[in-house]
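Open your viewer and keep the sequence panel beside it. We will go from stop to stop, selecting a few residues each time.

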Amino acid sequence: MQKKYEVKLTEAERLRVFNTVDAKGTPKTIRKRCNILLLADVSMGKPLTQEEMAARCGVSDVCVYQTAKDYFLNGLDYVLRRREHERPPKTRIVNGEDEARIIALACGEPPEGFSRWTVRLLTNRIVELDIVPSIGRETVRTTLKQPTLSLTCRSSGAFPKAVTANLWHTWRISLKYMPYRMIRSSL
């Protein structure tokens, strides 16, 4: 059966593909496309089937087909280019200054009637203070999800150190004087 899109690399194109594969900063996707072109090259002998090329290069059959089609219709420059996004990636909703204000709000005193901040309370308060015009709870959660910041950690002020230390001391003493059988049965 005749292939619809045939890859015939010239010597100059083959050299360029080899140099692209060997270059240090070549992205993985472009390197895979280069390998597909080298395996599909008819001028070097009978090429492998699309399934065999896909298995060797670690891509799908569709990728092999599209690479050969792109080379046949548009040339080598088109195949070796970096793909441009049709739509640019979304910009961040919270910039550095807003993030600092959110963290300062979370580390401050919670609203009256609450013992600590919740993500829902923070989200509502951020919109009220007009730090950000609109923000979702997940964005607030990921902004606060840092190893050094937690709404429930001792350093945020949610739990005073003296109370926490006293509770641990009381618990340790009660474990010390509790019979071993009672500890085992409660676990």
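## First stop: helix α8

Select helix α8 and look at what lies over its buried residues: the cover includes α6 (96-107) and α7. Helices here are DSSP runs of H or I with at least four residues, strands are runs of E with at least two, and both are numbered from the N terminus. Contact, used for such covering, means heavy atoms within 4.5 Å.

Now colour Val140, Thr143 and Leu144, the buried residues of α8. Buried means under 20% relative accessible area, exposed means over 50%, and partly exposed is in between (1.4 Å probe, protein chains only). These residues cover an arc of only 90° around the axis, so they sit on the same side of α8. The arc is taken from the directions that run from the helix axis to the C-beta atoms.

## Before you go on

This is a predicted model: local features need pLDDT of at least 70, side-chain atom pairs count only at pLDDT 80 or more, and totals for chains, interfaces and linings use all residues. Residues are numbered from 1 along each chain as its sequence is written, and side-chain values use heavy atoms, with hydrogens and water left out.

Zoom out to the whole protein. It has 10 helices and zero strands. Of its 187 residues, 25% count as buried. Take the contacts between residues at least 6 apart in sequence: 53% of them join residues at least 24 apart.

Leu129 counts as partly exposed, at 36% relative accessibility.

Asp130 is in this loop too, between α7 (119-128) and α8 (137-144). Check its backbone: phi is near 60°, a positive value in a residue other than glycine. Asp130 is exposed, with a relative accessible area of 54%.

## Helices α1 and α2

Jump to α1 (residues 11-22) and α2 (residues 28-40). They pack at an angle of about 145°, with axes 9 Å apart. Axes are lines fitted to C-alpha atoms, for helices over the stretch in contact, and angles run from 0 to 180 degrees between N-to-C directions.

Show the side chains at the contact. From α1, select Arg14, Val17, Phe18, Thr20 and Val21. From α2, select Ile30, Arg31, Cys34, Asn35, Leu37 and Leu38. These residues divide into seven nonpolar, two polar and two charged. Ala, Val, Leu, Ile, Met, Phe, Trp, Tyr, Cys and Pro count as nonpolar; Asp, Glu, Lys and Arg count as charged; the others, Gly among them, count as polar.

Stay on Arg31, in helix α2. At 28% relative accessibility, Arg31 counts as partly exposed. Leaving aside neighbours within four places in sequence, Arg31 is in contact with Val21, Ala23, Lys24 and Thr26. Draw a line from Arg31 to Cys57: they are 26 residues apart in sequence and 9.4 Å apart in space, C-alpha to C-alpha.

## Helix α3

Gly58 follows α3, with a positive phi near 75°.

## Last stop: the rings

Which rings are linked into a cluster by ring pairs? Select Tyr5, Tyr65 and Phe72. Rings of Phe, Tyr and Trp (its six-membered ring) pair if their centres lie within 6.5 Å; planes under 30 degrees apart count as stacked, over 60 as edge-to-face and the rest as tilted.

The structure holds two aromatic pairs. Tyr5 and Tyr65 form an edge-to-face one, 5.7 Å centre to centre with 65° between the planes. Tyr5 is in the segment before α1 and Tyr65 in helix α4, 60 residues apart. Tyr5 counts as buried at 15% relative accessibility, while Tyr65 counts as partly exposed at 29%.
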